[in-house]
Amino acid sequence: IAADKSMITMGKLADDYFAAQILGRWKHPNIVRSRIERDIKPNLGKMTIADIKPTHIDDMLKAIVARGAPTTANDVLRWVKRMFDYAMKRQMVQFNPAAVFDLSDAGGKEESRDRWLTREELATLFEAIRSARGWTYENTLTIKLLLMLAVRKGELIAARIEEFDLDAGVWKLPAERTKTGSAIDIPLPRQAVDCLRELLRLADGSQWLLPARKMQARMVPHIDLNTVGAAINKNVRPLLKDISPFTLHDFRRTARTHIESLGVPPHIGERCLNHKIKGVQGIYNRHDYFDERKDALQLWADLLQRCEQGGASVIPLRADKAA
């Protein structure tokens with residue numbers, strides 16, 4: 001029986017592990033699903049788990065790092081270790097070929113990031129997007145929304161159309177889809193409403209804001225979490241030779257930095273990112289600051305629009321509310 005179990009492929013093990021340990025337990029299971037489909041299966045999926053050796057794990061990690069994704073390599077190592085631990089407990093294999101590796105063998109220590117895009121960099125990014133070959137209109141709208149709303153990538157990509165009330169200008173983000181576990185009503189600047197109306201038109205009746213663009217074996221109904229980031233790296237990044245590397249996650253820090261530069265109080269800026277207010281104030285003050293966040297996000301959207309129109313050079317680095 002043990003021999004029969006060892007003949008299972010890595011792809012099948014990953015699917016079984018996902019169904020048993022992730023689905024229904026993790027708030028954002030598609031993050032793990034993405035690592036399985038994009039990294040684990042292409043590298044190891046067809047091999048039987050009994051045949052996988054440390055050298056195969058090493059080759060996979062090196063390939064991921066080589067494409068410029070060290071953090072992803074760390075994530076893949078963590079998940080593969082857990083999958084083989086799962087297999088060992090069920091007597092499918094006798095040892096874990098990933099156990100001999102640590103983060104220094106994958107992407108290395110993950111430093112906290114402080115990258116954000118200046119106004120000039122934002123203007124350059126928008127200019128590059130306009131001229132990039134192979135870049136889609138849907139990607140442009142998604143980038144604008146991620147910047148304007150300062151939400152997490154997964155929150156926007158996995159959004160259902162029913163969450164948006166465009167007439168009222170509100171996105172009702174449910175608790176089960178937020179990192180904090182608390183629902184939040186996100187005020188929508190008028191530019192965001194315009195972008196969302198375009199995405200609804202392009203969704204063509206789908207219940208998802210960003211439906212999957214092609215049928216895939218994994219059958220995730222919306223685009224992959226890495227779709228837009230990969231498109232930036234492939235189509236836009238080559239046009240940004242004078243700009244330091246950035247990720248989509250850096251858009252939240254970019255928004256937070258510029259929102260405060262516009263004269264918005266820090267606690268309002270924190271709530272714009274759906275961060276909980278720390279300390280005693282956070283315990284006793286449950287006010288959601290919806291109107292204040294609405295004003296702050298509209299100021300930020302207006303500034304982004306000016307950057308998009310090429311006006312970054314005339315915008316002072318430290319603008320006040322009148323900007």
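Colleague: Hi! What should I know about the model before we start?
Modeller: Hi! It is a predicted model, where local features need pLDDT of at least 70 and side-chain atom pairs count only at pLDDT 80 or more, while totals for chains, interfaces and linings use all residues. Residues are numbered from 1 along each chain as its sequence is written, and side-chain values use heavy atoms, with hydrogens and water left out.

Colleague: Great. How many salt bridges does the structure hold?
Modeller: There are 22 salt bridges, each meaning a side-chain nitrogen of Lys or Arg within 4 Å of a carboxyl oxygen of Asp or Glu.

Colleague: Which residue does Glu37 form a salt bridge with?
Modeller: Its partner is Arg33, with the closest N and O atoms 2.8 Å apart. Both residues lie in helix α3 (residues 29–44), four residues apart, or about one turn of the helix. Helices here are DSSP runs of H or I with at least four residues, strands are runs of E with at least two, and both are numbered from the N terminus.

Colleague: And is Arg33 buried or exposed?
Modeller: Arg33 is buried, at a relative accessible area of 10%. Buried means under 20%, exposed over 50%, and partly exposed in between, using a 1.4 Å probe and protein chains only.

Colleague: Which residues are linked with Arg33 in a network of salt bridges?
Modeller: Asp15, Glu37 and Lys41 are linked with Arg33 in that network.

Colleague: Nice. What about Arg197?
Modeller: Arg197 pairs with Asp167 in a salt bridge, and the closest N and O atoms are 3.4 Å apart. Arg197 is in helix α9 (residues 190–203) and Asp167 in the loop between β1 (164–165) and β2 (170–173), so the pair ties together parts that are 30 residues apart in sequence. Arg197 is partly exposed at 41% relative accessible area, and Asp167 is exposed at 74%.

Colleague: Where does Asp288 come in?
Modeller: The Asp288 side chain meets that of Arg293 in a salt bridge, at 2.7 Å from N to O. Asp288 is partly exposed, with a relative accessible area of 27%, whereas Arg293 is buried at 2%.

Colleague: Switching to helices: how do α7 and α11 cross?
Modeller: The axes of α7 (residues 137–149) and α11 (residues 250–261) come within 7 Å and cross at roughly 50°. Axes are lines fitted to C-alpha atoms over the stretch in contact, with angles from 0 to 180 degrees between N-to-C directions.

Colleague: Which residues make the contact?
Modeller: Ile143, Leu146 and Leu147 of α7 and Phe251, Thr254 and Ala255 of α11 make the contact, which is defined as heavy atoms within 4.5 Å.
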